[in-house]
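Please look through the sequence and the model first.

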Amino acid sequence: MTLAAREVSWSAGGRLIVDGVSVALRDGETLGLLGPNGSGKSSLLRLLAGLRGTDGGAVLLDGRELRTLRRGEVARRVAVVEQQASTEVDLTAEQVVRLGRIPHRGSWSGDADADARAVERALAETGTSALRDRRWRTLSGGEQQRVQIARALAQEPRELLLDEPTNHLDVRHQLDLLALVGRLPLTTVVALHDLNLAALFCDRVIVLRAGRLVSAGRPADVLTPALIADVYEVAAEVLPDAAGPGRPAIRFLAPSAYASPPDARSCQPSR
Ligand SMILES: Nc1ncnc2c1ncn2[C@@H]1O[C@H](COP(=O)(O)OP(=O)(O)OP(=O)(O)O)[C@@H](O)[C@H]1O
């Protein structure tokens with residue numbers, strides 16, 4: 001048993017932002033959360049994390065309504081990394097990762113050994129050990145992103161919710177991060193814009209449009225030219241199994257108006 005949304009709705013500014021979405025995660029899967037800008041991905045993730053309450057429907061953790069559970073109990077189970085996660089205080093990277101241990105501290109004291117082990121493991125898994133003594137503010141966007149993910153892993157969650165975690169990451173770190181997420185024995189929801197990364201790493205994907213769930217299933221079944229044209233309004237060619245069995249690769253077909261021949265001269269460094 002893990003997380004589920006049952007007919008979840010949420011409104012803001014007089015508008016329905018998440019509109020009756022139901023999804024039940026499967027233990028250990030990586031679920032991709034897809035959809036155009038403003039389709040409600042971050043809003044749904046925040047509802048699943050219990051960071052905000054639903055206006056209709058319910059989020060369930062092991063079949064129990066999230067809103068009836070204690071904050072600490074949820075935080076020991078569910079970790080979330082939001083877009084542009086930041087910290088105002090001038091901490092080192094290691095101190096940021098240690099924040100992930102807060103839900104595990106009792107009212108008197110925590111288990112210092114368990115905390116230290118979890119922090120070391122999270123730093124190693126995310127390749128951020130070498131950054132441990134750096135001040136947060138001096139880290140690049142990609143380094144900050146990986147440290148935030150280390151913080152979430154130090155929390156030792158069973159459910160991990162990631163909002164655009166590959167933002168700021170170079171291509172190798174994007175691949176490494178999603179491979180790590182797939183390897184860990186966690187149930188993960190990951191909001192992604194890159195459909196090829198979703199096809200490569202997600203066991204299932206769901207697609208939102210204007211707050212509604214419009215499709216759900218295996219990447220190969222969902223990421224069809226028809227769906228991409230309908231939801232993203234972009235023509236695409238889908239090469240089935242090109243990225244592995246059941247894992248399509250997507251090639252976007254730029255309208256001819258965008259596709260003027262490359263001009264080598266425009267790429268020359270100016271002197
Ligand atoms: N607190 C809020 N008040 C008013 N409108 C909001 C609020 N939060 C989100 N919205 C609106 O809800 C819609 C969905 O936003 P959300 O951030 O969930 O989309 P998204 O799919 O994550 O977008 P993106 O891909 O651009 O990150 C947007 O139109 C956004 O402006």
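## The model

This is a predicted model, in which local features need pLDDT of at least 70 and side-chain atom pairs count only at pLDDT 80 or more, while totals for chains, interfaces and linings use all residues. Residues are numbered from 1 along each chain as its sequence is written.

Helices (H or I, at least four residues) and strands (E, at least two) are DSSP runs, numbered from the N terminus. Two strands pair if DSSP finds at least two bridges between them.

## The four-stranded sheet

Four strands make an open, antiparallel sheet in the order β2-β1-β4-β5. Its edges are β2 (15–24) and β5 (64–65), each of which pairs on one side only. Strand β4 (residues 56–61) runs antiparallel to β5 and is joined to it by two bridges; here L60 stands opposite E65.

Helix α1 (residues 41–49) lies across β1 (3–12), β2 and β4, at about 125° to β1. Such angles run from 0 to 180 degrees between N-to-C directions, with axes fitted to C-alpha atoms, for helices over the stretch in contact.

## The six-stranded sheet

A second open sheet has six strands, ordered β6-β7-β8-β3-β9-β10, and its pairing is mixed. The edge strands are β6 (78–81) and β10 (212–217). On average, neighbouring strands of this sheet are turned by 15° against each other, direction ignored.

Four bridges link β6 and strand β7 (residues 159–163) in the parallel sense, and V81 stands opposite L162 in β7. Helix α5 packs on this sheet, touching β6 and β7, and its direction makes about 175° with that of β6.

## The nonpolar core

The largest nonpolar core has 62 residues. A core of this kind is a set of buried Ala, Val, Leu, Ile, Met, Phe, Trp, Tyr and Cys residues joined through C-beta atoms within 7 Å, where buried means that 20 or more other C-beta atoms lie within 10 Å of the residue's own. Those with the most contacts inside the core are L33, L45, L48, V97 and L161. Helix α5 (residues 141–154) gives the most to this core, with six residues.

Not counting residues up to four places away in sequence, L33 touches K41, L44, L45, V189, V190, A191 and I206; contact means C-beta atoms, placed from the backbone, within 7 Å.

Terms used. Buried ≥ 20, exposed ≤ 12 C-beta atoms within 10 Å, placed from the backbone. Contact = placed C-beta atoms within 7 Å.
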